[in-house]
Amino acid sequence: WISLLLFAFFMQAVTGFFLLTHYSASTQTAWESVFYLQHQVPGGAILRGLHSLNAQLCVVLVALQVLLTVCYRACLAPREIGFLLLVLLLPLTLGMSVTGWLLPFDQKGYWAAKIPLNILTVVPLAGPWMQQLLMGGTEIGHLTLTRFQALHTVGLPLPIGTVLALYWVLTRKHGLAHTTPRLPVTEFYWPHQALKDAS
């Protein structure tokens, strides 16, 4: 599962890079740039579809990994740090999804982003301040779009990559399941185990 999760996030990075080369983060041009990519660029619809479906798959995979970790009791010592990293990965992955909703700047994305932004006001003391910080004012506009793009492309992928790398190192060190004894590592991950995971 961890290899599938790593592959899904790698696919998000690759497809996201190519989507970003056609994207224009402005309230006047965001929808047009996505429409042009979807209908005029060869393979653009497939690229956007892969990115969208893979984003949903990432959330499902992280949730499944948390569930499997609890079911196999892999959250007990000495794997508790890995479990905490996995639990931290879930809101980061959801944050990636939420920030990606607004980027096409269509009606669906606008209202889908407005709901979590309004939910932020429920947070005691800091809620309205956090909402205004993310929105860049009192209404969703150009600053909201550019801030969501910055979070979606740099602000969240960096901590996600760091958490995934640390989680992978810890699973290689301690193993995946609490019930199975950890055998000594006799071969490197690359290329033998990587090819086994890919098949």
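Q: Which residues does Thr-99 touch, not counting residues up to four places away in sequence?
A: This is a predicted model. Sequence neighbours up to four places away are set aside here. What remains on the list of residues that Thr-99 touches is Phe-148, Leu-151, His-152 and Leu-156.

Q: Is Thr-99 buried or exposed?
A: Thr-99 sits in helix H4, which covers residues 80–101. Its relative accessible area is 6%. Buried means under 20%, so Thr-99 counts as buried.

Q: Which backbone oxygen does the side chain of Thr-99 reach?
A: Look along the side chain of Thr-99, a residue of helix H4. The distance to the backbone oxygen is 2.9 Å. That oxygen belongs to Gly-95.

Q: What separates Trp-31 and Phe-35 in helix H2?
A: Helix H2 covers residues 30–39. Trp-31 is partly exposed at 42% relative accessible area, and Phe-35 is partly exposed at 38%. The two are 4 residues apart in H2, so what separates them is about one helical turn.

Q: Which kind of pair do the rings of Tyr-110 and Trp-111 form?
A: The ring centres of Tyr-110 and Trp-111 are 4.9 Å apart. Their planes stand at 85 degrees. Planes over 60 degrees apart count as edge-to-face. So the pair is edge-to-face.

Q: Is Tyr-110 buried or exposed?
A: Tyr-110 has a relative accessible area of 18%. The cut-off for buried is under 20%, so Tyr-110 is buried.

Q: Are H1 and H8 roughly parallel or antiparallel?
A: Helix H1 spans residues 2–20 and helix H8 spans residues 157–174. Their axes lie 11 Å apart, at an angle of about 160 degrees. H1 passes H8 in a left-handed crossing. Angles over 145 degrees count as roughly antiparallel, so H1 and H8 are roughly antiparallel.

Q: Which residues in H8 meet Ile-2, Leu-5, Leu-6 and Phe-9 in H1?
A: The axes of H1 and H8 are 11 Å apart. H1 contributes Ile-2, Leu-5, Leu-6 and Phe-9. From H8 come Ile-160, Leu-164, Tyr-167 and Trp-168.

Q: At what angle do helix H6 and helix H7 pack?
A: Helix H6 holds residues 127–135, and helix H7 holds residues 142–155. Gln-132, Leu-133, Leu-134 and Met-135 in H6 meet Leu-143, Thr-144, Arg-147, Phe-148 and Leu-151 in H7. The axes are 7 Å apart, and the packing angle is about 90 degrees. That makes H6 and H7 roughly perpendicular, at an angle of about 90 degrees.

Q: How many Å apart in space are Gly-49 and Gln-38?
A: Gly-49 lies in helix H3, residues 44–71. It is partly exposed at 29% relative accessibility. In sequence, Gly-49 and Gln-38 are 11 residues apart. In space, C-alpha to C-alpha, the value is 9.2 Å.

Q: How many helices has the protein chain?
A: The protein chain has 199 residues, of which 37% count as buried. Its C-alpha trace spans about 60 × 50 × 20 Å along the principal axes. Strands number 0, and helices number 9.

Methods
Residues are numbered from 1 along each chain as its sequence is written. This is a predicted model: local features need pLDDT of at least 70, side-chain atom pairs count only at pLDDT 80 or more; totals for chains, interfaces and linings use all residues. Side-chain values use heavy atoms; hydrogens and water are left out. Buried means under 20% relative accessible area, exposed over 50%, partly exposed in between (1.4 Å probe, protein chains only). Rings of Phe, Tyr and Trp (its six-membered ring) pair if their centres lie within 6.5 Å; planes under 30 degrees apart count as stacked, over 60 as edge-to-face and the rest as tilted. A polar contact is a pair of N or O atoms within 3.5 Å; within protein, one must be able to donate a hydrogen and the other to accept it, and residues adjacent in sequence count only if both atoms are side-chain atoms. Contact means heavy atoms within 4.5 Å. Axes are lines fitted to C-alpha atoms, for helices over the stretch in contact, and angles run from 0 to 180 degrees between N-to-C directions. Angles under 35 degrees count as roughly parallel, over 145 as roughly antiparallel, 65 to 115 as roughly perpendicular and the rest as oblique. A crossing is left-handed if the near helix is turned anticlockwise from the far one by less than a right angle, and right-handed if clockwise.
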